[in-house]
Amino acid sequence: MTIRKEDAMLPEKDVNEPSEVTRRSFLDLVLKGGVVVWLGAMVAPAFSYLWPAHSGGSKKSTISAGTAKDFGGVGNSKMVKNEGKPIMVIRTAEEGYKAFSAICPHLGCIVKWDAASKSILCPCHAGVFSMDGKVVSGPPPKPLPEYNVVVSGGEVLIKL
Amino acid sequence: MRKLIQVVDNWLGERLPMTSIKEFLHKQSSKPLPPHTSWFHTFGSLSLFLIANQIITGILLMIYYRPTVDNAFESINFITTKATFGWLIRGLHAWGATLMIIMVLLHMVRTFFMGAFKKPREMTWVIGVFLFGITLTFGFTGYLLPWNQLSYWATTVGTEITGSIPVMGEFVKRLLLGGDVIGGETLARFYVMHVIVLPWVLVFLVTIHIVLMRAQGLATLDRVGEEIKPDGKNGLPFFPHHVLKELVLFCIFFAFMLTLIVLWSVELGEKADPFTTPAGIKPEWYFLSTYQLLKYFPKLIGLFISTIPPLLLLLWPFLDRTSERRFSKRPFSVTLGIAAIVLAVVMGVLGYFSEREITFFGKKYHIDHYGIPRDIETTVEGKDKK
């Protein structure tokens with residue numbers, strides 16, 4: 001390493017000596033800090049604006065899937081919408097129903113009920129679920145989320 | 001006419017340093033290019049032509065397009081079937097997008113194999129990789145806009161993959177979608193990204209890319225640090241030699257685009273239905289290799305593996321620090337480059353044929369999720385025997 005002539009001639013500084021804060025350096029720091037704070041104050045509302053707004057109104061605790069008549073018989077299924085998301089309701093017995101989220105946990109495709117094989121199929125990547133929503137084959141990493149179903153006064157209600 | 005030009009020239013001359021501007025333009029147009037400059041060096045200009053095509057046709061499409069769930073599909077249908085030459089404008093935009101990705105890829109392949117990314121052009125390469133990423137993002141955001149079944153579900157699959165990124169995934173997905181599921185908010189967000197944000201970023205980066213390229217000149221095939229600057233004797237004049245070459249290719253390329261539009265018109269298909277997924281949904285061809293690769297690994301490992309190629313691309317000028325540019329003298333990088341291309345093509349082909357039935361030499365096969373062909377007849381016979 002070469003030492004410049006001018007540097008060599010400089011008086012040695014005591015490293016323990018506190019560095020001097022001049023008015024200029026202080027104002028410089030305040031200005032820079034101010035710019036950072038200002039930028040933050042500008043970016044924060046813009047980011048909050050971009051973050052999806054929550055839909056107003058209270059959430060429902062149950063939704064109706066209709067009556068037994070709407071299913072047309074044991075072994076049939078029906079799709080019900082809940083806040084833009086599909087729920088699949090399967091009539092498994094005369095008074096028995098099962099409800100699952102119809103969104104495949106693999107890559108978000110909508111599953112279909114196959115009455116012939118009594119299984120739930122994903123059309124995207126050949127995922128197969130049993131009537132209990134459990135993965136039988138294919139790439140889905142977990143079972144379909146299940147909802148409780150109650151029949152009240154002939155109406156099939158899905159508990160959310 | 002000459003008089004008018006003279007008047008305009010004088011008027012400008014009284015207000016601007018016209019002599020310096022003219023000198024600068026003359027210097028740029030007469031700048032000699034390295035003697036090995038060939039047809040392969042036109043991929044960059046063709047990418048630029050395609051960017052111009054996308055901007056012009058994009059502006060024209062915006063006149064009739066309506067970015068809402070109720071109107072998006074109908075407005076594209078109107079453009080294709082009712083608006084005068086709408087089919088042509090949409091065709092130029094849709095085919096232009098595909099060809100732009102091919103052209104940017106070819107431009108990168110040429111730069112890689114000719115070692116043009118090496119010192120002092122590392123920054124030009126890095127900006128180029130970002131430009132490639134932006135081109136893909138253009139494709140991804142634009143694909144949803146027609147709001148048809150294919151675009152809706154391909155975007156669902158794409159955003160679900162984003163959602164599985166550890167820690168940040170769900171956050172980024174929600175920010176992208178503007179909610180929990182793809183809807184009107186998603187369409188608006190993708191539209192703004194596609195027509196405002198991305199074009200400005202693209203124009204900004206392309207400008208820096210071109211300024212760097214002009215300032216540093218095209219790379220020769222000499223070793224790093226031993227480049228012989230092309231001069232009037234051994235160089236090839238940019239104008240008219242190279243410009244003419246580009247113009248010839250531009251005419252052929254434009255004719256090729258028109259042929260594609262006439263022979264393979266861009267189908268609109270059915271309107272998006274968020275409650276019915278059509279069978280065998282797949283992303284656009286340029287995401288097929290990543291999509292197929294993700295199938296062979298658990299989600300997290302797959303995502304980790306799929307981030308390696310773009311990272312390697314970005315950092316390659318800083319990893320490959322040898323002085324040689326000629327590909328015959330860079331066996332390791334060339335082999336790696338060829339292997340990457342072969343892997344991408346194989347994965348893409350497997351992704352394309354997976355979950356389909358094909359007939360090969362009179363036999364029917366079902367290509368499964370992983371791209372392995374299963375003989376349908378044998379399977380059926382086997383089942384019958386049982």
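At 45% relative accessibility, A:Glu146 counts as partly exposed.

Student: Where in chain A is A:Glu146 found, and what separates A:Glu146 from A:Asn82?

Tutor: This is a predicted model, and within it A:Glu146 is found in strand E9 of chain A, which covers residues 146-152. A:Glu146 and A:Asn82 are 64 residues apart along the chain, and their C-alpha atoms are separated by 14 Å.

Student: How many helices and strands does chain A have, and how many are there in chain B?

Tutor: Chain A has three helices and ten strands, and, read along the sequence, these follow the pattern α-α-β-α-β-β-β-β-β-β-β-β-β. Chain B, by contrast, has 14 helices and five strands, and its C-alpha trace spans about 85 × 55 × 45 Å along the principal axes. As for burial, 29% of the 160 residues in chain A are buried, while 41% of the 386 residues of chain B count as buried.

Student: What describes two packed helices?

Tutor: The description rests on the angle between the two axes and on the distance between those axes. In chain B, helix H6 (residues 122-144) and helix H9 (residues 184-216) pack at an angle of about 160 degrees, with their axes 9 Å apart. Because the angle is over 145 degrees, H6(B) is roughly antiparallel to H9(B). The crossing of H6(B) and H9(B) is left-handed, and the residues of their contact divide into 19 nonpolar, nine polar and no charged.

Student: At what angle do H3(B) and H5(B) cross, and which residue classes does their contact have?

Tutor: The axes of H3(B) and of helix H5 (residues 86-113) of chain B come within 8 Å and cross at roughly 155 degrees, and these two helices are therefore roughly antiparallel to each other. H3(B) passes H5(B) in a left-handed crossing, and the contact between H3(B) and H5(B) has 14 nonpolar, nine polar and two charged residues.

Student: What describes a pair of aromatic rings, and how many aromatic pairs does the structure hold?

Tutor: A ring pair is described by the distance of the centres together with the angle of the planes. Over all chains, the structure holds 25 aromatic pairs. One of them is formed by B:Phe49 and B:Phe253, an edge-to-face pair at 6.1 Å centre to centre with 80 degrees between the planes. This pair links distant parts of the chain, with B:Phe49 in helix H3 (residues 43-64) of chain B and B:Phe253 in helix H10 (residues 238-263) of chain B, 204 residues apart. Both B:Phe49 and B:Phe253 are buried.

Student: Why does the pair of B:Phe140 and B:Phe190 count as tilted?

Tutor: The ring centres of B:Phe140 and B:Phe190 are 5.7 Å apart and their planes lie at 50 degrees, so the pair is tilted. B:Phe140 lies in helix H6 of chain B and B:Phe190 in helix H9 of chain B, so this pair ties together parts that are 50 residues apart in sequence. B:Phe190 itself is buried, with a relative accessible area of 1%.

Student: Which residues do ring pairs link into a cluster, and which ring does B:Lys245 lie over?

Tutor: The cluster linked by ring pairs consists of B:Phe49, B:Phe250, B:Phe253, B:Phe254 and B:Phe256. B:Lys245 lies over the face of B:Trp39, at 5.6 Å from the ring centre, and the charged end of B:Arg330 sits over the ring of B:Phe112, 5.7 Å from its centre.

Conventions:
Residues are numbered from 1 along each chain as its sequence is written. Chains are lettered from A and ligands numbered from 1 in the order in which they are written. This is a predicted model: local features need pLDDT of at least 70, side-chain atom pairs count only at pLDDT 80 or more; totals for chains, interfaces and linings use all residues. Side-chain values use heavy atoms; hydrogens and water are left out. Axes are lines fitted to C-alpha atoms, for helices over the stretch in contact, and angles run from 0 to 180 degrees between N-to-C directions. Helices (H or I, at least four residues) and strands (E, at least two) are DSSP runs, numbered from the N terminus. Angles under 35 degrees count as roughly parallel, over 145 as roughly antiparallel, 65 to 115 as roughly perpendicular and the rest as oblique. A crossing is left-handed if the near helix is turned anticlockwise from the far one by less than a right angle, and right-handed if clockwise. Ala, Val, Leu, Ile, Met, Phe, Trp, Tyr, Cys and Pro count as nonpolar, Asp, Glu, Lys and Arg as charged, and the others, Gly among them, as polar. Rings of Phe, Tyr and Trp (its six-membered ring) pair if their centres lie within 6.5 Å; planes under 30 degrees apart count as stacked, over 60 as edge-to-face and the rest as tilted. Buried means under 20% relative accessible area, exposed over 50%, partly exposed in between (1.4 Å probe, protein chains only). A charge sits over a ring if NZ of Lys or CZ of Arg is within 6 Å of the ring centre and within 35 degrees of the ring normal.
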